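Q: Hi! Could you walk me through this one? I'd like to go through it piece by piece.

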Amino acid sequence: MIKDYTKFAFRTFKVRGIRTFLTMLGIFVGIAAIVSLISLGQGLENAITEQFEMLGTNKIIISPAGTFFGFGGEASSDLTEDDLDVINKVKGVKTAGGMLFKFANVKFGNEIKYTFVIGLPLDESGQIIQDLSGFDVDKGRDLKEGDKYKVTVGDFLAQGDFFEKKVQIRDKIEIEGQEFAVIGQVARIGNPADDSQVYIPMETARELFDEPLKLDFIMLEGVKGIDMSALAEDIEKDLRKHREVDEGEEDFNVQTFEELMDTYSTILVIVQAVLIGIASISLLVGGVGIMNTMYTSVLERTNEIGVMKAIGAQNKDILAIFLIESGFLGLIGGVIGILIGVGIGKLVEFGAAQQGLDILKASFPWYLIVGALLFSFLVGAISGVAPARQASKLKPVDALRYE
Amino acid sequence: MKKSIIRLDNVKKTYFIGDIEVPAVRGISLEVKKGEFMALVGPSGCGKSTLMNLVGALDIPTEGRIFLEDKDIAQMSESTLANVRGKKIGFIFQQFNLISTLDALGNVVLPMIFQGYNEAKRTARAERLLKMVGLGERMHHKPNELSGGQQQRVAIARALANNPDMILADEPTGNLDSKSGRQIMDLLGHLHLKEGKTIVMVTHDLHLVHYAHRVIHLKDGLVLKERIISKDHHHGER
């Protein structure tokens, strides 16, 4: 019987094509928004998790308070080489290294542009910075001890996406007026900011920018098998003592990678929840649209309902006919919405990749698709309950007499 | 004595328009017996539509009782009544009342869906019925692609779908030209004579009453007179 009533619903949709489409519009806009938002949010989370997993969980980042992962805002109090010494003495620290970066002008040929210039330590601690930042030289060579005015460049520079011309090995570039020889190209990281950076030896950077002690952040690796949160607490304690601040008033952050990952995830979840909340309003409006259409439909088909009752339809049959119809209005709207949502997700992914952000992959887990389908069907069916009940309660004589 | 299909026992039906009482049926007793062709006739406003709704178990009387196969319909739940109605009574309406989104076959199949017949069975039966009413070639036409006479024949096939005890026809020729009207009446006459169907027809057209065995004249919500027409009088076969 459900099969027959489903056929009825599809015949009605066919006959009332435009109205059906307009009714579904409300649903598929909402579903498309939700599917694309969740797929991109999920993709972002996957990308972050993947990056963190690649780096390993036995890492800690120390940054000045008031910044996030080293970026944004003026640090209230800089980290210095002294802090790095303190950290290196904490039991359980395997290697620790610091990094300096400056937004500086870079000249290539006649072009002058601004980008981040990273000062890298050239001792063994440089390796941990490279590991943690996820960059690797894939052409030419790494900076090594003894280098002074040598530079390795990000992929955007190497590919000609930054300057008009490609920056090749053995080319010369000027940083803050000082000439540097290009010795290596760094493999693509996957986001435009990181891929536009250039890397110079730490000592050269200190001279060039007149920053004898400052470190923008410090990264460290713990010895194998150690409890990272306990290590983070130890470091925090020693740094407090060294910097003479009280507990709760630290002017620095000590974050394990796990904490950092949680922080990112939490922010992502909140942002997603807000966006989905907004998208849900459109679904609600879509539901009201279905209800309105169903009421109109009941009114139009009053005579038909009377006929069906006369020839043996029970209240439950009429109820089922209208509920199935409204449910399918929702479901088909949902299917279209999912298709559009997947399209938008893929489009954003493509657009991001065009901009160099190729770590962002829209993700469509099965539960998102199934959930969206189920949800759209439910919105339709629930919106149809009141009109369908009204239809099923019509008295056959009254319904037959209705013109 | 022939089996009673539906029996009305001093039935009254009063409508209210605002505060004003409108007695449409003011006390009618009648019995439809298996195999008869009964005509309910009278001028408009005589209460025949109301009576037809009562005979068709579409409505509940204000007073008096209606027995469908010796069961009081007032005691039945709405669902049971719908189910019984679907099984026992086939309706033919003046406006044809076909479902516009369904083709001829779909319309004839519909009552059988409500009774839960399986698809193969009901399709075969619907096809047979449509062939019987002469629409074998037009099974997949929508109502708006059929003439009035053809639509009414679809309606007759639909009325026969669940092999009902009684066919209730409300002004079956009221919306048809005289030729189509005669064809429909011949078809009903044939169903009565050859298939032994019980038919109750409501009409204001006195020309149609000669198809019936028993004619009940109504006036002002009451039975004015009842007339029996000879049973071996053959009609509709001309």
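This is a predicted model: local features need pLDDT of at least 70, side-chain atom pairs count only at pLDDT 80 or more; totals for chains, interfaces and linings use all residues.

Q: Is Thr50(B) buried or exposed?
A: Thr50(B) counts as buried, because its relative accessibility is 9%; buried means under 20% relative accessible area, exposed over 50%, and partly exposed in between, with a 1.4 Å probe and protein chains only. Residues are numbered from 1 along each chain as its sequence is written, chains are lettered from A and ligands numbered from 1 in the order in which they are written, and side-chain values use heavy atoms, with hydrogens and water left out.

Q: Thanks! Where is Thr50(B)?
A: Thr50(B) sits in helix 1 of chain B. Helices here are DSSP runs of H or I with at least four residues, strands are runs of E with at least two, and both are numbered from the N terminus.

Q: And what does Thr50(B) touch?
A: Not counting residues up to four places away in sequence, Thr50(B) touches Lys13(B), Tyr15(B), Ala24(B) and Val25(B). Contact means heavy atoms within 4.5 Å.

Q: How many residues of helix 1 of chain B are buried?
A: The count is 7 of the 8 residues in helix 1 (residues 48-55) of chain B, so this helix is largely enclosed by the rest of the structure. They are Lys48(B), Thr50(B), Leu51(B), Met52(B), Asn53(B), Leu54(B) and Val55(B). Just after helix 1 of chain B, Ala57(B) takes a positive phi of about 60°.

Q: OK, on to sheets. What is the order of the open sheet of 4 strands?
A: The order is 2-1-4-5 in chain B, with antiparallel pairing. Two strands pair if DSSP finds at least two bridges between them. Strand 2 and strand 5 (71-72) of chain B are at the edges with a single partner strand each, so one side of each has no neighbour in the sheet. Helix 1 of chain B packs on this sheet, touching strand 1, strand 2 and strand 4 of chain B, and its direction makes about 130° with that of strand 1 of chain B. Axes are lines fitted to C-alpha atoms, for helices over the stretch in contact, and angles run from 0 to 180 degrees between N-to-C directions.

Q: How many bridges join strand 1 of chain B to strand 2 of chain B?
A: There are 11 between strand 1 (residues 4-17) and strand 2 (residues 20-33) of chain B, which run antiparallel. The two form a hairpin with 2 residues between them, and Gly18(B) in the turn has a positive phi of about 65°. Ile17(B) stands opposite Ile20(B) of strand 2 of chain B.

Q: And strand 1 of chain B to strand 4 of chain B, how many bridges there?
A: That antiparallel pair has 5 bridges, with strand 4 covering residues 63-68 of chain B. Asp9(B) has Arg65(B) as its bridge partner in strand 4 of chain B, and Lys12(B) has Glu63(B).

Q: Switching topic: what is the strand order in the open sheet of 6 strands?
A: In chain B the order is 6-7-8-3-9-10, with mixed pairing. Strand 6 (89-92) and strand 10 (222-228) of chain B stand at the edges, each with a single partner strand, so one side of each is left without a neighbour in the sheet. On average, neighbouring strands of this sheet are turned by 15° against each other, direction ignored.

Q: Which residue in the turn between strand 9 and strand 10 of chain B has a positive phi?
A: Asp220(B), at about 50°, in a hairpin with 2 residues between the strands. Strand 9 (residues 214-219) of chain B and strand 10 of chain B run antiparallel, joined by 6 bridges, and Lys219(B) stands opposite Leu222(B).

Q: Last one: at what angle do helix 3 and helix 4 of chain B cross?
A: Roughly 125°, with the axes of helix 3 (residues 104-114) and helix 4 (residues 119-132) of chain B coming within 9 Å. Among the residues making the contact are Val108(B) and Met112(B) of helix 3 of chain B, and Ala126(B) and Leu130(B) of helix 4 of chain B.
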